[in-house]
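Please take a moment with the sequence and the model below, and keep both in view while reading the paragraphs that follow.

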Amino acid sequence: MSVISTRIQGDVLVVTADNPPVNALGAAVRQGLMDAMRQAASDDAVKAVVIRCDGRTFFAGADITEFGKPPVSPSLPEVIDAIENCPKPVVAAIHGTALGGGLEVALGCHYRVAVPSAKLGLPEVKLGILPGAGGTQRLPRVVGVEAALPMIVTGDPVPAKKAKAMGLLDALVEDEAGLEDAAIAFAQDVAGRSEHPVSSRRSDRIADTPPSAFDDFRKANARRLKGFEAPEACIQAVEAAVSQPYEEGIKTERVLFQKFVTGTQSKALRHVFFAERAAQKIDDLPKDIEILPIRKVGIIGAGTMGGGIAMNFLSAGIPVTMVEMKQDALDRGMGIIRRNYDNTAKKGRITQQQVDTAMSNLTGSLDYADLADCDLVIEAVFELMDIKKQVFGKLDSIMKPGAILATNTSYLNVNEIAASTGRPEWVIGLHFFSPANVMRLLEIVRGDRTAPQVLATAMKLARTIGKVAVVSGVCHGFIGNRMLAARQKQANALLMEGAKPHQIDQVLLDFGFPMGPFQMADLAGLDLGWKEEESKGETIRDVLCERGRRGQKTGKGFYDYDEKRNRTPSDEVNAIVAGFAAKSGKAQRDIGDDEIRERLLFPMVNEGALILEEGIAQRASDIDMVWLNGYGWPAYTGGPMFWADIVGLSTVVAGLERHGDAMPDLTISSLLKDKAAKGERFNG
Ligand code: CAA
């Protein structure tokens, strides 16, 4: 069956795409659209055209799998020009998502109608490129620069109602089932008018742009866009839409597109796109496995973690019962949840009605027995094995059969926790990252005896609450914290050898991390888990805490802070560290940034390789997902394993060997060595 079919209804040519799953604009679709435009032009009986899609969405963009391969004619710009040059009015009928090349097709059409649930956007920038089929030239001409810039530069789509308000849509059709008929009626109506079809190229709106608009935009978004190359190219392309005639602007867009589509950042971001989807797949689970319904969730612990976890479910409309030991702790926890929601409502991100609905679904309790009928219970109590075991023993005696018992532990052995119940198949790790209502990552820890159905249900649930889930096997710290420990070990060693905290942090900031390890420690508080009465001044942390250097909250930690929390390096800290180094007989030296970077990042890659070797992670790209979504690894490098592929695995091995004396207890993964020797990569 052809991916593009046509039929004539009255005097309207209805062009329908059917290219599951998302109607990507692959070569066959492009050719089909080209043929349909020829048919429309040559058939006198046709007075107007409707372009629509079957399935779940309008065209969701160019076919990303074609990127990097030799181009196949006709190109998307050629197809869109053909649509725009059609002598009969062409109407796009949009449902689902009109994204990237999909929106560019719609912009080539003379009119656009959509259902209210539709979303329209140019997300190319998220793939490290810019719209390459006229989007940067046509969109500003249709909606003006002010509305077009954020859409093109951030890639975030807009809902249909907003699109209508900004002039991107000509009409909204309330009912999806009626979209095709409404689009045909719309096409007949415009065909009957005397004026020619309105091309997106003709507009005066673009002339309104104040000269400062682009620099203002650059400044306002500098933080969010730091390190990414494509956003600047997007801005330059829109600038060209203002400063150059259409034909020139299109050429500028093309040149920039060609440059970026072959760039490393684009490769990395495409890897991220597919990695995110691959992570959802668990190789050894049957496709038709039954997913258990999760209608009610129990949470033990109303602290920061428990509260954040609860918000995920409340926001998804799933009732939560939260259990604490003492009334005041419970009240405090529930109060924080309400305040968080109220603040989000104040920023206009949710309505008061949504706040009220979420809060009405939250029940507080001091009694475990109130959890009995929950389909899932997640404990977020103190990170001590004995306490976890007690909690799970209790849950085992209370929870109904068929309930999933989950631990939010960040390090502990999930098998051991599971063994403290009589139903280890129902036990799983759900490791949320703080702040749990914000961070996208969820590590799902599969115990040796976790039932496949329990795992599949957890994966599905992660999607429901908007998390990127990655499956990890059981080991100390799972995927993320185990690799973090490898980095922290080197950060501490480098400090003793003479690198300064700010130097180490800066290397990671320059790499693209939002924060370095010592900034992070100051933010979290150096006294986290430290007890004054037990401190013997034996570690750097002991001494810093004893001297009141407990982090940002005390105005000093590894850094000194001013009232605005600006940090400056501290001579006192350097002296303390130097004292410890002298005591241990270590001579301090100047350490270059390259060595610091290699010693922080290569051991992480090595730990990732060990994690793969041991079967803790299913695939290298899952490890990338953990670090991108949970620890701020810069997306434009693709994650630690993809980055290692780009650097070259033999370079990583050589680096590890070169720094071998400084890292005496590091074992180089045989998988890493093997791949390096064969010239292979982790990711394909
Ligand atoms: N090309 C190729 N495959 C695509 C694709 C695309 N543009 N978009 C989605 N897919 C694939 C996914 O990889 C996935 O495949 P598997 O089932 O094998 O994993 C499948 O379609 C379904 O995708 P999702 O799981 O993401 O489905 P969803 O319903 O959750 O989301 C979506 C649908 C919102 C369309 C989402 O897939 C999406 O955001 N897609 C990408 C959109 C995009 O970036 N478009 C711009 C492309 S670049 C471009 O158009 C350049 C240009 O100007 C010339």
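Setting aside the neighbours within four places in sequence, valine 474 is in contact with Asn413, Val414, Asn415, Val445, Arg446, Gly447 and Ile616. This is a predicted model, and every distance, angle and area mentioned here was computed from it. Valine 474 itself sits in the loop between β17 (468-472) and α18 (478-497). Leucine 461 is 13 residues away from valine 474 along the chain, and the C-alpha atoms of these two residues are separated by 20 Å.

The domain assignment of the protein gives four parts, namely domain 1 (4-191 + 209-262), domain 2 (297-478), domain 3 (500-507 + 514-584) and domain 4 (593-678). How far apart are the centres of domain 2 and domain 4? Taken over C-alpha atoms, these two centres are separated by 31 Å, and across the boundary 13 residues of domain 2 are in contact with 10 residues of domain 4.

The size of an interface is often given as the accessible area lost when the parts come together. For domain 2 and domain 4, the area buried between them is about 900 Å², and 65% of it lies on carbon and sulfur atoms. On the side of domain 2, the residues that lose the most area to domain 4 are Leu441, Val470 and Val471, which together account for 38% of what that side buries.

Several individual atom pairs can be followed here. An N or O atom in the side chain of arginine 56 is 2.6 Å from an oxygen atom of the ligand, while a polar side-chain atom of glutamate 124 lies 2.8 Å from a ligand oxygen atom. With glycine 132 the backbone takes part, as one of its N or O atoms lies 3.3 Å from an oxygen atom of the ligand. Taken alone, the ligand exposes 1,000 Å², and the protein buries 75% of that.

Finally, some details of the backbone deserve a careful look. The peptide bond from serine 73 to proline 74 is cis, with omega near -5 degrees, and proline 74 is found in the loop between β3 (48-53) and α2 (76-84). Another cis peptide bond joins serine 434 and proline 435, where omega is about -10 degrees, and proline 435 is placed in the loop between β15 (427-432) and β16 (441-445). Asparagine 23 is a residue other than glycine with a positive phi, near 55 degrees, and asparagine 23 lies in the loop between β2 (12-17) and α1 (27-42).

Notes: Residues are numbered from 1 along each chain as its sequence is written. This is a predicted model: local features need pLDDT of at least 70, side-chain atom pairs count only at pLDDT 80 or more; totals for chains, interfaces and linings use all residues. Side-chain values use heavy atoms; hydrogens and water are left out. A polar contact is a pair of N or O atoms within 3.5 Å; within protein, one must be able to donate a hydrogen and the other to accept it, and residues adjacent in sequence count only if both atoms are side-chain atoms. Accessible areas come from the Shrake-Rupley method with a 1.4 Å probe; for residues, only the protein chains shown count as cover. Domain bounds come from an automatic or database domain assignment. Contact means heavy atoms within 4.5 Å. Buried area is the accessible area (1.4 Å probe) that two parts lose on being put together, summed over both. Helices (H or I, at least four residues) and strands (E, at least two) are DSSP runs, numbered from the N terminus.
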